[in-house]
Every structure is written in C-alpha cells, then in structure tokens.
Amino acid sequence: MNTGRVESTRPRLLLVEDDRALTGLLADLLDEEGYQVDVTNDGHSGLHHALTRDYELMVVDRGLPVLDGLELVTRLRARGVTCPVLLLTARGAVQDRVAGLDAGAEDYLVKPFEVAELLARLRALRRRHPDAAGWLPLGRRRLDVDNRRVLDGAEEIPLSAREFAVLHALAGRPTKVFTRGELLSAAFEHADAPGTVDACVHHLRRKLGRDAVRTVHGLGYRLGAG
C-alpha cells in the first residue's frame, strides 16, 4: 500500500483489522472504490498511523490484538483526532454498539456484513462530515466535489454548473432512481422544465459516455456504471 503523502484525488483511509484474509479482500475493494488504503493489523500500529498521518476515514475492528478497537478510538479522540471511524465487530448486542459509539466511533457494523453496506456506510460518513466529502465515486472515476470536475485517472473532465449539480445529486445517492422533478428540486434553483434535466443528462453522456447516467424507463435517472 502507498504510504506517502495524501493524494488530492484519492482520499486516504486507514483499515485496522487483524483478520488478514478479510483485510486483503477489503483493501482491494476499497481501492477499487477510489480510496488510498493504508492497512495495519493491530491496535498499536493503528494508533501510530492515525496519529502521524492524515486520514479522511478509518475502518477499525473492535477485537484487535495489543490494543483493542474501543481503546484505540478512545485514545484518538483524547488526542484530538476527529477523523470519522466505522467500527467492525462480531458483537451485535445493544450494549456493545452503545459502547462503540460512546468511545467516539461514528458508525458500527456487525460481522458478517455485506460489502455493499460497508461502502454505503462510508459514503454516508463522507456526506455527514464535510472534511471527508471532497469526492464521490463514479464507477471507475471520481467526482471532485470541491473543483467541479470528474477525474478519470490522470484525465480531468470539467463540468458546467448544471452538469455538476445533476451528477452530484446522482452520485450522492447512487442506488436511488430520481424522477425529473426530484432532480430539478435537488439540482436547480431556477428551472421549471423537466427538459432541463434531460439536456444536462445528454451533455453528461457526451462527456462521460452513455453508461455514466442510466435511464430507468417510466421513472427517471440513476447513476450508471461510469
């Protein structure tokens, strides 16, 4: 894993998990999702990484060797580290979830879990925490929210204000099918015709390919494969 400086277009995520088979699987999936992933396998190393490097998100297993996940999060919060943390655990009892949240974690996911849910929860954390929300995944690409552009490897694809507004709405809720009226409301302050949405989708497809925005016949649009 790359352990150099944080790249402007690949938000850095710290994964602290002692199950090495699970770690390898998650690291690959998170890399495909657009993260720059650093991996550690015990709480002490996780603490060192989190105190010496900047991360947008952390995924921390509760049952870690050397220093357990709860203590790790508690120490980070005591040192002023505010990076959003999602705890993974095999313990699903209410008191265990409460303990994790009280320690300072923002979210809690019980094993076994679906990878799609983990990725969705991380997207939700980015939306709730502006410091971690500078980008959104678009399949193999990324939407650079701060600079209103799409990043495809080294290629930068600029967007108009309206194109960005539509794509940002779709990328923020990638499984939702938006009606034209919902996109008008979400993306435009001064637009009264559904054709405005259709025109933006047309221009987005010309720039990004037809798969970038999917038509759901009779309903509206949703984010495509990119």
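UniProt, in an unreviewed entry, assigns the annotation "domain: Response regulatory" to residues 12-126. The model described here is predicted. The protein as a whole has eight helices and 11 strands. Its radius of gyration is 19 Å, close to the 17 Å that the globule rule gives for 226 residues, so the protein is as compact as a globular protein of that length.

**Overall dimensions, surface and charge**

- The C-alpha trace of the protein spans about 60 × 40 × 30 Å along its principal axes.
- Of the 226 residues of the protein, 49% count as buried.
- Among contacts in the protein with a separation of 6 or more, 53% are between residues 24 or more positions apart.
- The protein has an accessible surface of about 11,200 Å², and carbon and sulfur atoms contribute 48% of that area.

**Asp61, the annotated residue**

- UniProt, again in an unreviewed entry, places the feature "modified residue: 4-aspartylphosphate" at Asp61.
- Asp61 is part of strand S3, which covers residues 57-61.
- The relative accessible area of Asp61 is 5%, so this residue counts as buried, the limit being under 20%.
- Leaving aside neighbours within four places in sequence, the contacts of Asp61 are Val16, Glu17, Asp18, Gly69, Leu88, Thr89 and Lys111.

- Lys111, one of the residues in contact with Asp61, is joined to Pro112 by a cis peptide bond with omega of about -10 degrees.
- Pro112 sits in the loop between strand S5 (107-110) and helix H5 (115-128).
- Most peptide bonds are trans, and most residues other than glycine have a negative phi.

**Residues with positive phi**

- Val66 is not a glycine, yet its phi is positive, at about 70 degrees.
- The loop that holds Val66 runs between S3 and helix H3 (69-78).
- With a relative accessibility of 70%, Val66 counts as exposed.
- Val66 is in contact with Asp42 and His44, when neighbours within four places in sequence are set aside.
- The C-alpha atoms of Val66 and Asp42 are 6.2 Å apart, while the two residues are 24 residues apart in sequence.
- Arg148 also has a positive phi without being a glycine, here about 50 degrees.
- Arg148 belongs to the loop between strand S7 (141-144) and strand S8 (149-152).
- The relative accessible area of Arg148 is 39%, which makes this residue partly exposed.

- Asp96 is located in helix H4 (residues 94-103).
- Asp96 has a relative accessible area of 17%, and as buried means under 20%, this residue is buried.
- Not counting residues up to four places away in sequence, Asp96 touches Arg62, Arg91 and Tyr108.
- His203 is found in helix H8 (residues 195-208).
- His203 is partly exposed, at a relative accessible area of 35%.
- His203 and Leu159 are 44 residues apart along the chain, and their C-alpha atoms are separated by 9.4 Å.

Definitions and conventions: Residues are numbered from 1 along each chain as its sequence is written. This is a predicted model: local features need pLDDT of at least 70, side-chain atom pairs count only at pLDDT 80 or more; totals for chains, interfaces and linings use all residues. Side-chain values use heavy atoms; hydrogens and water are left out. Helices (H or I, at least four residues) and strands (E, at least two) are DSSP runs, numbered from the N terminus. The radius of gyration is taken over C-alpha atoms; the globule rule is 2.2 Å times the number of residues to the power 0.38. Buried means under 20% relative accessible area, exposed over 50%, partly exposed in between (1.4 Å probe, protein chains only). Contact means heavy atoms within 4.5 Å. Accessible areas come from the Shrake-Rupley method with a 1.4 Å probe; for residues, only the protein chains shown count as cover. UniProt positions are given in the numbering used here, feature names are shortened, and annotations may be inferred rather than shown by experiment.
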